[in-house]
Amino acid sequence: MQFNITLLISIIGLSILSISWHHQTYTLYKQLKRATLDNHQIVALNKQLLSEHSQVISGTEIRESALIILNMKEVGEKDKGKWFNGSIAL
């Protein structure tokens with residue numbers, strides 16, 4: 001009789017611990033899922049910003065090389081709409 005009561009109390013105690021561990025695991029899974037989603041959003045935003053930055057840099061580099069290496073000049077406001085060597089300045 002004493003053994004049965006001890007066995008019953010230990011089974012109830014382990015059941016309560018099992019429920020607690022399951023809840024902790026589920027909470028940890030939810031936090032991991034949220035952190036993974038946030039990480040993917042940050043990576044996507046970083047890629048977008050890097051892409052935009054590289055487009056700005058490449059456009060600036062092309063403009064600078066055209067001005068310096070090719071010895072071209074920038075079109076001013078007064079030059080727009082005039083014809084230069086068969087093409088119109090935009």
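Along the sequence, the chain follows the pattern α-β-β, with one helix and two strands in total. Helices (H or I, at least four residues) and strands (E, at least two) are DSSP runs, numbered from the N terminus. This is a predicted model, in which local features need pLDDT of at least 70, side-chain atom pairs count only at pLDDT 80 or more, and totals for chains, interfaces and linings use all residues. Residues are numbered from 1 along each chain as its sequence is written, and side-chain values use heavy atoms, leaving out hydrogens and water.

**Confidence**
- The average pLDDT (the predictor's confidence in each residue, from 0 to 100) is 83 for the chain, and 81% of the residues score at least 70.
- Confidence is highest in helix α1 (residues 2–68), at a mean of 90, and lowest in strand β2 (residues 87–88), at 54.

**Burial and exposure**
- Of the chain's 90 residues, 3% count as buried, meaning under 20% relative accessible area, while exposed means over 50% and partly exposed lies in between (1.4 Å probe, protein chains only).
- Ile69 sits in the loop between α1 and β1 (83–84), and Ile69 is exposed because its relative accessible area is 68%.
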